[in-house]
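Let's take a look at the pockets and rings in this one. Have the model open as you read.

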Amino acid sequence: MAGRRLAVRKTYKLYIGGAFPRSESGRSYPVTDPDGEVIARPARASRKDLRDAVRAARAASGGWAGATAYNRGQVLYRVAELMEGRRDQFVDELSSLGDDRPEPQVDAAIDRWVWYAGWSDKVHHVLGTVNPVAGPYFNFTFPEPTGVVGVVAPEEPALLGLVSRLAPAVVSGNSVVLIASESRPLPAVTLTEVLATSDVPGGVINVLTGHKAELIPWLASHMDVNAIDLSGAPADLVPAAEEAAAANVKRTIRDGGGDYFDPTAQSPYAITDFMEMKTVWHPMGA
């Protein structure tokens with residue numbers, strides 16, 4: 001008679017440049033369920049891991065920004081399709097972490113990803129403009145990607161909060177280094193598995209798990225990061241992070257919290273938070 005089969009336990013890794021490296025430090029940290037039982041040991045990213053993620057994001061930035069808006073929308077919609085295929089896995093992970101609304105959260109996260117994907121080829125038309133000028137020339141203002149963006153995901157809701165901050169940053173052509181929820185990182189790791197099997201080019205989205213108190217100061221002070229979203233940063237870390245970001249005039253964004261399930265948590269203006277407005281003069285008839 002065959003013996004009892006042992007379960008294949010999951011090894012949680014980082015997601016950098018389209019690959020799944022272990023933390024160079026070899027460290028991990030425990031994640032517990034509501035009863036205090038350890039259910040996972042995700043990687044605890046180091047400063048070098050963060051530098052590697054920024055380097056990967058910068059390398060991928062030009063190609064992603066140079067893709068057509070229509071193509072980016074298709075690529076990101078494919079992510080939503082794959083998330084739908086892993087719906088039960090996301091629900092199970094959120095349930096194991098004690099989330100009291102796992103199914104509505106997963107459905108809302110997928111719908112939100114679709115919503116932002118649909119804005120990829122529309123945001124320029126809605127928020128760009130032709131400015132009235134007195135003279136024989138045209139004056140256009142239009143949004144363009146900022147570059148490499150750091151995103152600190154909210155602690156809760158772990159999946160919907162992450163998608164609500166990640167999707168508007170990446171849809172316009174930015175590449176992203178994301179720090180996942182520290183207490184509930186499992187949905188973020190599953191999302192990296194979705195990204196790895198999607199059409200999103202490696203390096204466009206990089207996901208780190210670990211301690212925010214370690215990672216946020218390094219991300220805020222990194223000179224090759226153009227903007228940082230501190231929406232998921234603990235309040236006591238925000239002033240120092242904003243001061244560090246000022247060293248290279250890094251744009252800082254905070255969404256102010258609120259209910260991520262509310263429809264008002266999605267907005268085209270969340271996309272332009274991560275974009276620069278460019279004004280161009282063009283002679284008439286040229």
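## The largest pocket

The lining of the largest pocket splits into 5 nonpolar, 5 polar and 4 charged residues (Ala, Val, Leu, Ile, Met, Phe, Trp, Tyr, Cys and Pro count as nonpolar, Asp, Glu, Lys and Arg as charged, and the others, Gly among them, as polar). Its volume is about 180 Å³. Of the 14 lining residues, Arg165, Asp255, Thr264, Ala265 and Gln266 are the closest to the centre.

A pocket here is an open set of points on a 1 Å grid over the protein atoms alone, where a 1.4 Å probe fits, with protein on both sides within 12 Å along at least five of seven lines; lining residues have an atom within 4 Å of a point. Points are joined across faces, edges and corners, and the volume is the space filled by probe spheres set on them.

## What this rests on

This is a predicted model: local features need pLDDT of at least 70, side-chain atom pairs count only at pLDDT 80 or more, and totals for chains, interfaces and linings use all residues. Residues are numbered from 1 along each chain as its sequence is written, and side-chain values use heavy atoms, with hydrogens and water left out.

## The second largest pocket

The second largest pocket holds about 150 Å³ of space. Thr11, Tyr12, Arg22, Ser23, Gly26, Arg27, Ser28, Arg41 and Ala43 line it: 2 nonpolar, 4 polar and 3 charged.

## A charge over a ring

Arg101 sits over the face of Phe261, 4.1 Å from the ring centre (the criterion is NZ of Lys or CZ of Arg within 6 Å of the ring centre and within 35 degrees of the ring normal).
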